[in-house]
Amino acid sequence: MSNLPEQANRERQEELEHVWGNLPGWGALAAVNHTSVGFRFMVTGMAFFLIGGVLAMLIRTQLALPEQEIIGAALYNQIFTMHGTVMMFLFAIPVLEGVAMYLVPKMIGTRDLVFPRLSALGYYCYLFGGVIILSSLVLEVAPDAGWFMYTPLSSNTYSPGPGSDFWLLGITFVEISAISAGVELVVSILRTRANGMSLNKMPIFCWYILAMALMIVFGFPPLILGSILLELERAAGFVFFETAGGGDPLLWQHLFWLFGHPEVYIIFLPAAGIVSTLIPVFARHPLVGYRWIVLGIITMGFISFGLWVHHMFTVGIPQMAQAFFSVASMLVAIPTAIQIFAWLATLWQGKVVYHLPMLWIIGFLVVFVCGGLTGVMLALVPFNWQVHDTHFVVAHMHYVLVGGMLFPLIAGFYYWLPHVSGRMPSDKLGRWGFWLFFGGFNVTFLLMHLTGLLGMPRRIYTYEAGLGWDWLNLVSSIGGFIMAIGVAVIIVDIVLHFRFGRRAEQNPWGADTLEWAIPMPVNAYNFSSLPDITTRHPMWENPELVESIAAGEHGLAEVQNVRRDIYGSDAVTGKIREVVHLPTNSWLPLLTAAVLAVVCISLLVKVYLVALAAAVVALALVLRWGWDNGAHPRAAPVRDDDPVDPPLHSRTCDGPGLWGMVVSLMANGTLYVSLLFGWFYLWTAAPQWSTPEEGRVALFPMVTSGVLLSLAVMIYRSAVAGLRKGQADNLALRLWGSAALGLAHWCVLVWVLLASGLRPTELAHDAVLTVALYYLLLHSGLAVVFTILQALRVKLGFVGAKLPYEPVVIQPFWVYTLGVFWLSFAVFLLLPMAWGV
Amino acid sequence: MCLSGRIRQWLIVVLLCLSTPAGAHSVLSAGRAEQFTALLGLVIFGLVWFVYLVGAWRVVPTWLQALVFNSTMILSFLALWGPLDHWAETSAAAHMVQHMMFMVVIAPLWALSQPLPQLASGSGRVLARVWQPMLKLVQHPVYMAYLHGGMIWFWHIPRFYVLALENPWWHLVEHGCFLISAGLFWWAVLKSAQRTVGWALFALLFTLMHTGFLGAMLTFAQSPLYGAGRSLQDQQLAGLIMWVLGAIPYLLAASWVGWRGYWQMQRRWGG
Amino acid sequence: MFGWFTLVLVVVIALWLYAIRRSPTATSEARAGQVQKRWIIWGGLVLPITSMAVILALGIPAGHRMLPLPLEEGQALRINVTAHQWWWEVHYPESDITLKDELHIPAGVPLDLHLTSADVIHSFWVPRLGGKLDMLPGRTNVLRLHADEPGTYRGQCAEFCGTQHAHMKFTVIAHSPEDYQTWLRQEASDE
């Protein structure tokens, strides 16, 4: 392999470019490449940021002077709701996901994320969902119940218009995208690292992203569940959050903050990851306390899941709770402080080179530490009682989010710009941008603390003169506009640099991570050969990697069978285990997302038949997309020259697909557990909970259906156990048998549902039960469809003794379905019988 | 070595589970069944300690292990026969504290003190057969978390909770369930093999969340769940103890598991 | 509290800036490791833990004064407040007086306000008298209020509750105990 002649090497690279590149022209819409998709995420996110910023300007205009009526109360409520929604859901998370998607494969030394079509689907879901939400603003029916949509204000009675529906459906749509990105990032980081990159040699940024992605997987499902339930209440009249009938508005708050509290850290972690990446580079010193930081990240993730009630201090939690929650809420200060001081120690030990990104890092420190300290104050309950829901909280929140997320993000943008464009940003304009933004930000929000202490509540569209708030608000508004000018300068700077920036040399900042071994501006395939990694700082210790990678001296240098190949590696050690062949450009993600958008819109305009039809089409598209996998002629048909050591992933039993399935089921399981929590919670805490006289779900048919399902799973498992041993006797027959039993189970379950006479619109008890039955039906139905397709694929020769991959991937889904069935049986049917005292 | 160490570890769990239920009600309280179970508990408790001390004579533990084990025994004694037990009869919160002591303090400390070599040596190898079947279980932290979770939830269903309160034999079973499953859970999590560190963290997160859910329910419940005569405030306090204080050991454990996993990784692959 | 936090903020920033400016002298590996550990342990563990301990020690007793704990003697005066979109219904169960957007209370006496809502979630808040508490449909929360001085206090809904949220205000008038009795008699006779 060594030292191909110059000409041959160029041809090799051209072939790589041909295989990995996007289609020309409009064909770029079919791109699945992580560089393109990540970049699109970032650009779209910034566009939404500007829209959110304009909304903020409108808010500041309205509040600049007392008793103004420029914007009426109704419109003002829409604007502040949308400002929060856009910034949190359409800007902060997607942009950071975009950064992660763009950088992670480059940092771990591979060519793409592991489920490329899923990245593209995620992007289009995000784009369409965002456009649907924003269209409500244009139609002047935007949601106006605040970005956390507390019920009953957001319910049908008090928000009769379609505004809340836009929020619930649009956000759910966007969150599907977030979860798919989360799953994909987890599996990519764990399973496709460069050869030899054990977890402790992984760039620290990837640790942060791993934590963020896992937190998305566990954090978002409660909100998705909450949104589905609230939409069911609004559209179909199911009772979940209405007190009458046995619901409880507080359940929404629990579900929302179960998501909302981790969300803050989901936003903060990747941004902190940027800081942890940049500081060592500019300090010219390895990150101090790498181990401590990894520990801090894990602890932070855990803490964020324990304490959702943190946001509900004033709902009247029992009185002794205060002291407990104060302590618990403050705990997060410890992992944060560890990171801050680890960064400080790195700067202390190193010899700092001063560049523009460092300016933003210092800005981050000042603003974020300030926000963190006010956060500790807020954790003190008596203080919280005083300032909760005032402008003090608004100020705190902006210090944490802007300081903890936007400042590092912009530092990161400046830092990685040369990577994208091959040019250096301008120092002069950049400094202007920073100081305008930093100054404007502090003028706006530092004083807002005082406004809040003086008693100005948040979310009021106007206020009386003479309460001491007048000058503060005016100054805040002026600061806001200075900040806007700062943003404009930064944008001008970035746009201009693409044209006028000085050409960047290779690795312009002297960084240690692998993404700088890629030629600039970036190509479609990242690395023309995949290097082995022996150190955490490859570019410091082996700078010659740039040449040797380009010359094709490392792994997978040659394109095989016009296929996109990367290495799959061990989750812990990073040793190569298989060659993962990835799908190429595809229109299916765009089509699927478009059809899902049709589902979303038809639900909004309440044409449910169309929604149902479109949902079926979407499912068909997804199945179509799965069809082209494995040994299908369009993927990796069996050939004589297939690599053997390592083998192709579709010939193994433990490929990335299985990991993807397991991580998705974790998200799914979180959703289900949230539903169980809802059930228990309503049962014990809803003020007017009531149960029907006798159980409506027939027990015996339910048990029958459960037995059928158990048999189906047993047969399926025996088939897979055989495959794992390399035997495929009666494989098709077993799959058909399992599908048939599954179908029988499904039919009995449908009968149970129809015959039950549940009244979900009258009783919360029945509403939860109905949703649980729907959930079971959906899962066993999908499992049956998947299994039928597998049986067909056995017949076509895409699955067999040497091709065991796909049935193995589907097995956890069956097992999950079975587990959820019996758990539901116990919790929804047996438990009520055992409840009474 | 590792294998037999695990086997030995099991003895503890089994014996402890037998020894504790008796303690839920004081030796002095009325009723023959109660007196009998309480006495039985005291005897077994003493026996375990005795066996350990004999074993420690033959197989000398590190001073740290001995310290942890013996202080845990003192702690168990206090939890079982101290004033806490007396309060637990009337107060849900005190009862909760007692349960939490078993589940998040005593059980993990036992697992950390690794007393099985001493116990096995002290008792002869007879008992090894008892725990043999359970040996494979602790290799699956997630299943252990499910099992432990199932036990916790089951015994908080009002009917069974009250049953255990009223009948000392059921109380014995209840505490046995808590201790066995807690022991299995902590052993699986704290001593997780390199490859299962990720699952151990998942198991911890799962347990943190569901105990939080249970705590939240008790905290927000509108009426006393375990008998109308009981105090709602007391029940709320019990919920809070489970939710907030109970969360702290899981957080610490997560840090510890992460730290330990990292060290193992660094030892094997440097960096 | 503010003083301490400002100090922490200033010191942390100053340290960072100094760390950036300073040019490190060559040190041995072991010495460097020591310095690092010291930063992380003192700054990352000791500093936040002590700060937390201090403010909790100060804060929790302050919080307890706001709780509707049983009084040493007698019972706190009970007033029911029900929030509506967008007004307040005040009811005195003892004398069966009902008021709108106005709360008359005796100064120097602890009160228990029983708060609930007739429609969406609202929040009861008189900034100068104490913390706020949410008013939830279907539930009743109890807030202990204590006005030291007679006077007029401004109150406001603190949880976003719809279009006219900004205008959902009320007035608390604290009378001296004698004036309060007079007012009570007057109101009762008016009813």
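Biologist: Is B:Gln118 buried or exposed?

Modeller: In this predicted model, residues are numbered from 1 along each chain as its sequence is written, and chains are lettered from A in the order in which they are written. Local features need pLDDT of at least 70 and side-chain atom pairs count only at pLDDT 80 or more, while totals for chains, interfaces and linings use all residues. A residue is buried if 20 or more other C-beta atoms, placed from the backbone, lie within 10 Å of its own, exposed if 12 or fewer, and partly exposed in between. Because 27 other C-beta atoms lie within 10 Å, B:Gln118 is buried.

Biologist: Which helix holds B:Gln118?

Modeller: Helices are DSSP runs of H or I with at least four residues, strands are runs of E with at least two, and both are numbered from the N terminus. Chain B has 13 helices and zero strands. The one that contains B:Gln118 spans residues 116–123 and is helix H6 of chain B.

Biologist: Which residues does B:Gln118 touch, not counting residues up to four places away in sequence?

Modeller: Two residues are in contact if their C-beta atoms, placed from the backbone, lie within 7 Å. From C-alpha to C-alpha, B:Gln118 is 10 Å from B:Trp49, although 69 residues separate the two in sequence. With residues up to four places away left out, the residues touched by B:Gln118 are B:Tyr52, B:Gly55, B:Ala56, B:Val59 and B:Pro61.

Biologist: What percentage of the residues of chain B count as buried?

Modeller: Among the contacts in chain B with a separation of 6 or more, 79% join residues 24 or more positions apart. Chain B has 271 residues, and the buried part comes to 52%.

Biologist: Which helix gives the largest share of the side of chain B that touches chain A?

Modeller: On this side, 36 residues of chain B are in contact with 34 residues of chain A. At least two residues each come from H9 (158–166), H11 (197–220), H12 (232–245) and H13 (247–269) of chain B. The largest share, ten residues, comes from H13(B).

Biologist: Which element gives the most to the side of chain C that touches chain A?

Modeller: Here 55 residues of chain C are in contact with 61 residues of chain A. Helix H1 (2–21), helix H2 (29–64) and strand E7 (133–135) of chain C are the elements that give two or more residues. With 17 residues, the element that gives the most is H2(C).
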